[in-house]
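Hi there,

Here is the structure I promised to pass on to you. Have a look at it first, and then read on for my notes.

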Amino acid sequence: MKEPIAKLRRLRSVELRTTACADSADFYTDVWGLRAVERGDGEAWLRGTGDEHHVLQLTAAEQNGLGRITFAVATPAEVDEAARRLDARNVPIIAGPGPTGEISAGYGVSFVDPEGRIIQLLADALAVPMLRREEAVPVGVTHVVLNTVDIDASVEFYTDVLGMRVSDWSEHQMAFLRCNSDHHSIAFNQAEWASVNHVAYEMPTIDQFMRGIGRLRHHRVLPLWGPGRHGPGDNTFSYFADPGGLVCEYTSGVAQVDEDRWLCRVWRRVPELSDTWGTAGPPSVDVRTHMAGVPDRGAFDRHPDLLGVTR
Ligand SMILES: [Fe+2]
């Protein structure tokens, strides 16, 4: 059995490709509570109150989709070793290993998963001073849920190659994967096509989670689903659509996993477990439609030569 390519420390940032880049950049700064680090024509980098240079990158595109998911690794040497192990597994590398030359600097390697998602491992990126946490605004990105046509293959790639661990299953519909003590940084949802399901932003406390929902209400932005609390992960949830129709979530209080004691379980998909407070009710067709998004071939659209490359 091969070693995973690296030890992932945490989710750093997510890039979303969006049909409504300027409006979404306004929404995430003026309403959602992120702050612009840099904005350009058709692109924006936004931060939370944490020390990550940016947590959300928006890129203008003709179709919504996932641009990239970036994880932290500890050192450039680990990035180099990850690249060697990716090569040994025939996983296609599309950038690096080396200095990224990007806005957040750092040393990284980017590769493509079996459904075309671009994953970046990044060390030594710029940090920014943490901001006060009194306001009801996100600290950063805490998890991404991805729709997959083959949940078993996706889970295998992210556990075997990336070294993530399965914290829980929701029947054979969803799998929650962790890379640190947070119950999940990535989750997969079995679906008809690959796409980004939603991106979740961490609120520091449950009070700030609720106050954030209240601020959105004042902006006439109502939840698609929530507020409520999930059984798997124990986190609070409230899902919204951004101006491009991509789903964003406020969450708080995700379960912390003790590696030595955690037992993965399979949760039944029943209302009292997907909405433990009983406040949210079942997800509507509208939220399900938003979460399904549109088919996203990711890097395979932009790098057609990658099609047919298997590990
Ligand atoms: Fe979520």
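**What I found**

Strand β3 (residues 43-47) and strand β4 (residues 56-60) run antiparallel and are joined by four bridges. Within this pair, W45 has Q57 of β4 as its bridge partner. Please keep in mind throughout that this is a predicted model.

That pair belongs to an open sheet of eight strands with mixed pairing, in the order β2-β3-β4-β1-β5-β8-β7-β6. At its edges are β2 (35-40) and β6 (93-99), each of which pairs on one side only. Direction ignored, neighbouring strands here are turned by 15° against each other on average. Helix α2 (residues 76-88) packs on this sheet and touches β6, β7 (107-112) and β8 (118-123), with its direction at about 25° to that of β7.

On to the domains. The assignment for the protein chain gives domain 1 (10-123) and domain 2 (140-292). Their C-alpha centres lie 20 Å apart, and the contact takes 35 residues from domain 1 and 40 residues from domain 2.

There is also an open sheet of nine strands, again with mixed pairing, and its order is β14-β15-β16-β13-β9-β12-β11-β10-β17. Because β14 (225-229) and β17 (265-267) stand at the edges with a single partner strand each, one side of each is left without a neighbour in the sheet. From one strand to the next, the twist averages 20°. The partner of β17 is β10: the two pair in the parallel sense over three bridges, and S170 stands opposite W267 in β17.

Which residues of helix α3 (residues 151-160) are buried? They are I151, S154, V155, F157 and Y158. Seen down the axis of α3, these buried residues fall within an arc of 160°, so they line one face of the helix. Their cover includes β9 (140-148), β10 (165-170), β11 (174-178) and β12 (186-190), and also β7 and β8.

One more residue to look at is S238, in strand β15 (residues 236-241). Is S238 buried or exposed? S238 is buried, since its relative accessible area is 0%, and buried here means under 20%. Leaving aside residues up to four places away in sequence, S238 touches F209, I213, P223, W225, G226, P227, C248, E249 and Y250.

I hope you enjoy looking through it.

Best wishes

Notes:
Residues are numbered from 1 along each chain as its sequence is written. This is a predicted model: local features need pLDDT of at least 70, side-chain atom pairs count only at pLDDT 80 or more; totals for chains, interfaces and linings use all residues. Side-chain values use heavy atoms; hydrogens and water are left out. Buried means under 20% relative accessible area, exposed over 50%, partly exposed in between (1.4 Å probe, protein chains only). Contact means heavy atoms within 4.5 Å. Two strands pair if DSSP finds at least two bridges between them. Axes are lines fitted to C-alpha atoms, for helices over the stretch in contact, and angles run from 0 to 180 degrees between N-to-C directions. The arc is that of the directions from the helix axis to the C-beta atoms. Domain bounds come from an automatic or database domain assignment.
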